[in-house]
Amino acid sequence: MRSPYHYLSMPDNHSTDTVRVRIAPSPTGFLHIGTARTALFNWLFAKKMGGKFIFRIEDTDLERSEKRFEDDIIEGLRWLGLQWDEGPYRQSERLDIYERSLRELLDKGLAYYCECTKEKLDQDRQAQQQEGKAPIYPGTCRDKNVPAERGQVIRFRVPEHETISFDDMIRGTISFETGLIGDLAIAKNLRTPLYNFAVVVDDHEMRMSHVIRGEDHIANTPKQILIARALGFTPPVYAHLPLILGTDRSKMSKRHAATSLNEYRMQGYLPAALVNFIALLGWHPLDDKEKMPAAEIIEKFDINRVQKGGAVFDVQKLNWLNAEYIKEKTGADLFAMLIALYGEEKVVFHDAPTTVRLLEIGKMRMERLSDYEALRDSFLPHTYDGALLVGKKSTREAAAVHLSKCQEIIRGVLVHEFTQENLEAMLMPYANNEGRAAVLWPLRVALTGQERSPGPFEVMGIVGKDESLRRIAEGIEKLNGPSSAA
RNA sequence: GCCGCUUUCGUCUAGUGGUUAGGACAUAGCCUUCUCAAGGCUAGAACAUGGGUUCGAUUCCCAUAAGCGGUACCA
């Protein structure tokens, strides 16, 4: 069994006493929620252990890497507050380093040029599949001594019969037979390294003590261990995180839900809520506490408690958590966030102070900042059927009488005293006398035109005296008017 | 197909060789209440299956099943 301090044992050639971990995304798409989670776990581990968190951009695939994706990833990690200690390093800027190691492998005969075309390889694969065999490179060019000029790719020589095992911090011992791996391509040429090779060189060069990454990399691990060994490197300690799943339990993708972090930002999730929620996907503290700020998560974080099975991304729970975070913000906080997110024109209602008050009142109804639009909308006048003004246990006549009385009281309130509190103080005695439902229901409907809405005093406090009286007069008209049959 | 990983309420999870198998989200009901929201209370809901080991297995062992991941000149 793994000792709880398992992760403290450092590989021999890493004389450093600090934990060094990294997030190494490739800029071939917008920052994925899964990448964000991997980054978070690395960051938590580094913070917890007093180590360093390194940021490396794996842009060896020139065809698919784009600057805008790189920018998005950088911005996203910043937004989440996952500050890195070093980097971002770019693999595209480190080609000399890979070339050196590539030459070393070539010189030692541990790697060789392969002249097989893609078509030939595809054919080989298909033939093997039909025979029910594992589709691996058959070793066509292994001993052909193909000269560099004719080489399509550089392949790494994998031993034919050997068992490669490693101790995963999360899963225990995992073993693979090298015979099932086959000689893998490690570079297209000396200046174009491929993933499995570049990672090994970088993780060594950057003195990574641990590699914490998604479960989808388990099968790459023996390949990387083999390459590390060939280069004389001691591999880092590995930890493979469970995947984030969609509702059908397959790897989360666009068909399940939003996958790019930015979409969550634009929908109005707060970074603290997202960090909190994502940390709970595959991990949770000893106690049952769920809502925690990042500092507390760091304090309680223990990689030995990370789950093995994949975790379904449950938006409902994220929404709940986000709502909890919104509730503890002030109206002014929320106002600032909304402006930053959607711009002034789309946010300001009447004026800034009124909007802040509106948010103070309405934040209980928001799960996400994007819910603001609907919230603001509930303070706007709506067209409605006059029949709605009559409460369930009331009558048209009673509603008209009560509404008129309210109108009279409200007229008497001075403009500069026209606040939610004052209005409540003025109207409640009457409502208590006549029956709250009988009085307040028609009042609220007259003010909002909606079956469900914020309360009448809240609405009046926001829309002001003139507008309130206008809406009430309109309500009275609907009740008295001959056209609106109840 | 082959290789690997995984398996406790619908979901995230706690937990133990003997527990009423705990919490949270969601769902339902009730309370509060002018409606809605918020809040409070309550309820239903799980140890994948089959063999062992054992006085006793959800827990330990072995199979099976199912799910997922990988199987590139992507990362």
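In this predicted model, in which local features need pLDDT of at least 70, side-chain atom pairs count only at pLDDT 80 or more, and totals for chains, interfaces and linings use all residues, β4 and strand β5 (residues 153-156) pair in the antiparallel sense over four bridges. Residues are numbered from 1 along each chain as its sequence is written, while chains are lettered from A and ligands numbered from 1 in the order in which they are written. Helices (H or I, at least four residues) and strands (E, at least two) are DSSP runs numbered from the N terminus, and two strands are taken to pair if DSSP finds at least two bridges between them.

Angles run from 0 to 180 degrees between N-to-C directions, and axes are lines fitted to C-alpha atoms, for helices over the stretch in contact. In the loop between α4 and β5, N145 has a positive phi of about 55° although it is not a glycine.

A further open sheet consists of three strands in the order β1-β2-β3, and its pairing is parallel. Its edges are formed by β1 (20-23) and β3 (86-90), each with a single partner strand, so one side of each is left without a neighbour in the sheet. The twist averages 30° from one strand to the next. Strand β2 (residues 52-57) is joined to β3 by three bridges, and I57 stands opposite R90 in β3. Strand β3 also contains P88, and the peptide bond from G87 to P88 is cis, with omega near 0°.

Among the helix pairs, helix α8 (residues 271-279) and α10 pack at an angle of about 140°, with their axes 9 Å apart. That angle makes α8 oblique to α10, given that angles under 35 degrees count as roughly parallel, over 145 as roughly antiparallel, 65 to 115 as roughly perpendicular and the rest as oblique. The contact is made by A272, A273, N276 and F277 of α8 together with K317, L318, L321, N322 and Y325 of α10. These residues of the contact of α8 with α10 divide into six nonpolar, two polar and one charged, where Ala, Val, Leu, Ile, Met, Phe, Trp, Tyr, Cys and Pro count as nonpolar, Asp, Glu, Lys and Arg as charged, and the others, Gly among them, as polar.

Around RNA strand B there are 62 residues, of which E58, Y195, G309, R436 and G455 come nearest; a residue is near the strand if its C-beta atom, placed from the backbone, lies within 6 Å of it. Elements that give two or more residues to this surface include α4 (118-130), β7 (172-177) and α10 (315-327), whereas α17 gives the most, with five residues. By class, the surface near RNA strand B has 24 nonpolar, 16 polar and 22 charged residues.

Note on methods
Contact = placed C-beta atoms within 7 Å.
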